[in-house]
Amino acid sequence: MAAPPDDDVLWARGLHYSYDGSPALQGITLGVRPEEIVSVSGPRGSGKSTLLGCLSGRLVPTEGEVWFDGVPLHSLGRASRERLRRDRFGWIGSAPELVPELTAWENAALPLLLTGARQRTARAAAYEWLDRLDIGDCARRRPADLLQSQRQRVAIARALAPGPTVLFADEPTAPLHQLDRMQALRTLTSAARSHGITVVLTSPEPAPAETDDSTGTSLVDRCVPLVDGRRTPTAPRPVTEAEGSAACSLSA
Ligand SMILES: Nc1ncnc2c1ncn2[C@@H]1O[C@H](COP(=O)(O)OP(=O)(O)OP(=O)(O)O)[C@@H](O)[C@H]1O
């Protein structure tokens, strides 16, 4: 078995995944460099969520390999995989799944508390991220008292507060309005960049949201288009602003 390239923090080769015999991924190979922000795009059912699931250790591929930082995720036992996910990965889903009984800061602090951090440390980190995401004044409110866009920011704070090496975000802006979408994506990508966090996110088609309307710049470094569980040709990296938006829209 060939070792993964040294310069990729996350590397997958020949990934296949089937649901009850129906193929969702059909031989995906993909490398992600440290601190890179990659968007996996494609139409509904193209396998984006399944790919993210396999890369993040939520799903075990039917066939193929996933390596993270030199560790073969695909062959780890369940307990080691869960530990690695907890300690090194962050996850944001398309719906902000917050604990309704907890306040915003308690939700954001939860993963840190679960890894044994002291309450004071977890609270400080939670407040810091909520502030950074411009929702510090919502810290004491419960999810039901927040707007959807604020809840999604709490979910982003919760994913970033433990300082993951890789953040996986499955259509993180899907439930938001167009304006909130761009802002949430800008917030997420700039927070990740400033903290050296690698990001793999999925983006639906049509209307990938990676190009910042206000500046015309691409918020992601690279788009990986999928169709029917396979990669389609993609732009070389690093992409320029024009290439970034073209690569995303071409794959529609
Ligand atoms: N839990 C499941 N059980 C059975 N089939 C599934 C399941 N999840 C996904 N699939 C199927 O696998 C294929 C890929 O689905 P996947 O959700 O990964 O695609 P996607 O690109 O993320 O789609 P969407 O944008 O709709 O979320 C689809 O044909 C889908 O119907």
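This is a predicted model: local features need pLDDT of at least 70, side-chain atom pairs count only at pLDDT 80 or more; totals for chains, interfaces and linings use all residues.

Reader: Which residues are around the ligand, and what makes them count as near?

Author: They are Y19, A24, G42, R44, G45, S46, G47, K48, S49, T50 and P204, and a residue counts as near when its C-beta atom, placed from the backbone, lies within 6 Å of the molecule. By kind, this shell divides into three nonpolar, six polar and two charged residues.

Reader: Why is strand β3 called largely enclosed?

Author: A residue is buried if 20 or more other C-beta atoms lie within 10 Å of its own, and six of the six residues of β3 (residues 37-42) are buried, so the strand is largely enclosed by the rest of the structure. I37, S39 and S41 point one way while V38, V40 and G42 point the other way, and all are buried.

Reader: How do you know that β3 pairs with strand β8 and strand β9?

Author: Two strands pair if DSSP finds at least two bridges between them; β3 and β8 (residues 198-204) have six bridges in the parallel sense, and four bridges join β3 to β9 (residues 222-227), again running parallel, so both meet the cut-off of at least two. Within these pairings, V38 stands opposite V200 in β8, and V40 stands opposite V224 in β9.

Reader: What makes helix α3 mostly covered?

Author: Eight of the eleven residues of α3 (residues 104-114) are buried, among them W105 and L112, and what covers the buried residues includes α4 (119-132) and α5 (148-160).

Notes:
Residues are numbered from 1 along each chain as its sequence is written. A residue is buried if 20 or more other C-beta atoms lie within 10 Å of its own, exposed if 12 or fewer, and partly exposed in between; C-beta atoms are placed from the backbone. Helices (H or I, at least four residues) and strands (E, at least two) are DSSP runs, numbered from the N terminus. Ala, Val, Leu, Ile, Met, Phe, Trp, Tyr, Cys and Pro count as nonpolar, Asp, Glu, Lys and Arg as charged, and the others, Gly among them, as polar. Two residues are in contact if their C-beta atoms, placed from the backbone, lie within 7 Å.
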